[in-house]
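My entries follow in the order of looking.

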Amino acid sequence: MLQQILRDMYIDPELLAELNEEQKQILFYKMREEQLRRWKEREEKARMEEAVLRKTARCNGKHVQWLRGKDGEVWVWVMGEAPGDKPYEQISEELIAERARQQAQKEAEELWRQKEAEITKKFRDAMAQEKARIVAEKWKIEIEDRKAAKLEEEKIQEELKKREEEERQKGEEQIRQQEEIRAKELYLSLKQAQQHGQHSDDDQEWEEQLRRSKAADEERSHKARRARDEYRRQSLRAIQKGRVAGLSNLFQGTSLNNDQEIKLNNNSANPLLKERVALPLNIWERPSRPFSRDVVIRWFKEEQIPRRAGFERNTNRIARWFHGIISRQEAEELLMNKSEGTFLVRVSEKIWGYALSYRQQSGFKHFLVDASGDFYSFLGVDPNRHATLTDLIDFHKEEIITSSGAELLLEPCGQQKNPPDYSPLFE
């Protein structure tokens with residue numbers, strides 16, 4: 001199951017919801033580790049391809065060669081630090097001054113457009129009024145005075161144009177002065193903001209987002225470190241105790257031997273086991289994921305009973321901690337009034353495996369146990385591979401599951417129903 005998740009780099013949301021926080025962090029760490037491995041693989045491939053291309057280019061007589069410095073490294077020029085460059089402070093001053101000048105110029109252009117429109121309108125209206133007055137009066141004068149009227153009109157128009165030009169020049173001078181004053185104001189404002197670290201609302205919002213992002217990164221890094229430490233601790237501890245099962249071929253062709261079959265069939269302690277525990281390993285096509293309760297029961301009968309899942313060690317009795325296909329809510333109800341360290345194992349409907357439900361002081365924890373291969377291991381939390389489900393349980397009666405939670409399996413939670421909830425699995 002874990003290998004499939006790492007291969008696809010995807011986990012079903014329903015399955016993710018079954019994982020507790022520690023399992024999620026370990027799984028995240030493993031997926032990140034796989035991403036880095038793939039990235040390094042791609043980088044190495046790209047490097048080799050680049051080397052081939054360089055070799056080909058040299059053979060063709062065309063290639064690019066980087067300029068190198070006295071130290072043998074690629075020569076790099078940093079603006080403001082090379083000989084002859086302006087100091088950074090001077091460059092910064094010039095940039096601020098240029099920004100202030102451009103802003104002031106932009107504001108001045110806008111003011112001039114408004115001023116010019118006002119001047120044009122003012123003198124256009126004045127000329128129209130004067131022309132209307134002259135037209136009205138010229139009908140009152142004699143025919144011989146029309147020429148004088150025309151000359152007077154031209155003289156008035158010249159005067160108006162002259163006044164308009166003077167008004168334009170005066171307006172331009174005022175705008176120019178305002179532009180210079182505004183440029184100085186903007187320069188001082190920008191300089192002061194730079195010196196005192198003042199920021200706009202957008203800058204403050206960006207800094208707040210950056211702060212939250214850094215805090216989240218630190219939290220993820222902390223959890224990833226804790227996940228790595230937990231991974232290494234479990235591996236080292238399991239190696240020291242000699243309980244890690246290298247099971248790539250442990251169960252190949254394995255079935256119960258004849259003596260075990262005789263003992264199981266003749267055992268009368270649990271009548272549910274008669275005629276069923278010694279099932280042969282019939283070949284069946286297992287789906288990639290469980291899709292119904294019937295399929296889960298079929299999987300348990302075909303694959304798990306021959307591997308003695310749920311049995312006490314060296315006996316044919318069902319372990320007290322073993323339960324059938326029950327929900328998370330039912331498991332928590334069974335553990336509700338129990339002491340810390342009480343646990344049970346239930347058959348999962350989400351994966352080919354089990355869920356270990358654990359009673360802690362402040363609530364409950366649930367760990368998924370992957371049984372899709374030839375071994376049993378916690379999905380994401382425990383890197384150790386155990387030969388049997390009982391081995392996994394016994395191992396964590398002495399060794400904690402996670403360093404953060406320090407979970408030890410102290411007391412099994414038994415059945416409260418008759419018949420027991422696992423009876424459909426053995427019918």
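In which sense, parallel or antiparallel, do β2 and strand β6 pair? I first noted the ground rules: the model is predicted, local features need pLDDT of at least 70, side-chain atom pairs count only at pLDDT 80 or more, and totals for chains, interfaces and linings use all residues. Residues are numbered from 1 along each chain as its sequence is written, and side-chain values use heavy atoms, with hydrogens and water left out.

**Entry 1, pairing of β2.** I found that β2 and β6 (residues 411-412) pair in the parallel sense over two bridges, with phenylalanine 343 standing opposite proline 412 in β6. Here helices (H or I, at least four residues) and strands (E, at least two) are DSSP runs numbered from the N terminus, and two strands count as paired if DSSP finds at least two bridges between them. I then turned to β1, which runs parallel to β2 and is joined to it by two bridges; histidine 323 stands opposite arginine 346 in β2. With β3 the pairing is antiparallel and has five bridges, valine 345 stands opposite leucine 356 in β3, and a hairpin of five residues joins β2 to β3.

I checked burial next, where buried means under 20% relative accessible area, exposed over 50% and partly exposed in between (1.4 Å probe, protein chains only). Six of the six residues of β2 are buried: Thr342, Leu344 and Arg346 point one way from the strand, while Phe343, Val345 and Val347 point the other way.

I traced a right-handed β-α-β unit made by β1, α9 and β2; right-handed means that, with the strands pointing away from the viewer, the path from the first strand over the helix to the second runs clockwise. In α9 (residues 328-335), Ala331, Leu334 and Leu335 are buried. Seen down the axis, these buried residues fall within an arc of 95 degrees (taken from the directions from the helix axis to the C-beta atoms), so they line one face of α9. They pack against β1 (322-323), β2 (342-347), β3 (353-360) and β4 (363-370), contact meaning heavy atoms within 4.5 Å. On the face turned away from the buried side I found the exposed residues Gln329 and Glu333.

Last, I looked up asparagine 316, which lies in the loop between α8 (293-304) and β1. Asparagine 316 counts as buried because its relative accessibility is 10%.
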